[in-house]
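These entries record what I looked up in the structure, in the order in which I looked.

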Amino acid sequence: AKSDGRGCYRLYAPPLGKAIQKRQLLAEELRLALNRSGDLALWYQPIMDSSGQNMLGVEALLRWTHPVWGSISPADFIPVAEETGLILPLGDWVIRQACLMAQRCPGLTISINVSPLQFLSPNFFAHLSASVQQHGISPHQLELEITESVLLGEQQQVLELLQRLRRTGYRIALDDFGTGYSSLNYLMQFPVDTLKIDRCFIQLLGIQAQANAIVESVIALGHSLGLRITAEGVETESQRLALAAAGCDKLQGFLLSPPQPVEKLFLMLKQPSG
Ligand code: C2E
Ligand code: CA
Ligand code: CA
Ligand code: CA
């Protein structure tokens, strides 16, 4: 097992030649999967309030089940999709599926992961709007999760796009906050609604005093800038308690619920609370 540097472990690291071959094969199979599309699915992970009792929304997470290889982690195929440009049709597919889900669940807020290449592609806003209109949903039902690396792109273009999206009613979340290269002054420059504190910090709550200090400061700072804060990867009740005490707005993680297939999410939505 090899660490990917973020506290997440991958099954193996093949030698370079093999790795390239594997990537090409993965890309070819992903192209096929996009055309068959029965192999792809969006699962939904509930995002709860800090009591852990009330669902505030869900994050859409892509799942790929290959007919022979079985399930393949997004951590393995998303980077390949980004390198090959397949992320563009794949990202469109994700948007359409999420819009369909939003149409079926009118009160539900759905967060969608948008890769930097997709976000910065010239047709992104047009594609998104077309899909939203086609499904007759409100942009308020969608939150776009972007990573800090997007903010390192052409600044004026990024700023204008963010402003346009927010004016239209889309919400923006900054994903994996704290792991990227950008500094806090990006928060003053770029309009976002939510910060998602990366799992790496949440995992160390109660274990490393610095993690508590960082998480508490990010929550306080975010609030003073008028942002909402989501904690990712909440796995234990003691983490939840620390986050609730620090005033964290939203929680996501295995403690609350793992990602769920559509039918299971429907059942959860029917239950009065949680
Ligand atoms: P992410 O956006 O940071 O998503 C959170 C990841 O953490 C998900 O992994 C989720 O299943 C996992 N997770 C949630 N709660 C816990 C927890 O309590 N403990 C642990 N250990 N993990 C938890 P997943 O589904 O494997 O996705 C991995 C990454 O792949 C995502 O990270 C995201 O960057 C990317 N991804 C997934 N779906 C899409 C998509 O539709 N489009 C794009 N562009 N990227 C996607
Ligand atoms: Ca995300
Ligand atoms: Ca994340
Ligand atoms: Ca992540």
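Entry 1. I began with the polar contacts of ligand 1: one of its nitrogen atoms is 3.1 Å from a polar backbone atom of L62. The model I am reading is a predicted one. I then turned to side chains and found a nitrogen atom of ligand 1 at 2.5 Å from an N or O atom in the side chain of E235. An oxygen atom of ligand 1 lies 3.2 Å from a polar side-chain atom of D176. Taken alone, ligand 1 exposes 800 Å², and the protein buries 81% of that area.

Entry 2. I next looked at the surroundings of ligand 1, where I counted 20 residues, with Q45, R63, N113, E235 and F254 the closest. I noted eight nonpolar, five polar and seven charged residues in this shell. Three elements, β4 (55–66), α2 (74–84) and β8 (171–177), each supply at least two of the shell residues. With four residues, β4 gives the most.

Entry 3. Which residues are the protein donors of the calcium ion (ligand 2)? I found E59 (OE), N113 (OD1), E145 (OE) and D175 (OD), at 2.1 to 2.3 Å from the ion. N113 in strand β6 (residues 110–113) and E145 in strand β7 (residues 142–147) are 32 residues apart, so that the pair links distant parts of the chain. I also noted that D175 bridges the calcium ion (ligand 2) and the calcium ion (ligand 3), which lie 3.7 Å apart.

Entry 4. N113 counts as partly exposed because its relative accessibility is 30%, whereas E145 is buried, at 2%.

How values were computed
Residues numbered from 1 in each chain as written. Chains lettered and ligands numbered in written order. Predicted model: local features only at pLDDT ≥ 70, side-chain atom pairs only at ≥ 80, totals over all residues. Heavy atoms only, no water. Near = heavy atom within 4 Å. Polar contact = N/O pair within 3.5 Å; in protein donor to acceptor, adjacent residues only side chain to side chain. Areas by Shrake-Rupley, 256 points an atom, 1.4 Å probe, with all protein chains shown as cover. Nonpolar A, V, L, I, M, F, W, Y, C, P; charged D, E, K, R; others polar. Donors = N, O, S within 2.8 Å, 3.2 Å for Na, K, Ca; no water. Buried < 20%, exposed > 50% of the residue type's maximum accessible area, 1.4 Å probe, protein only.
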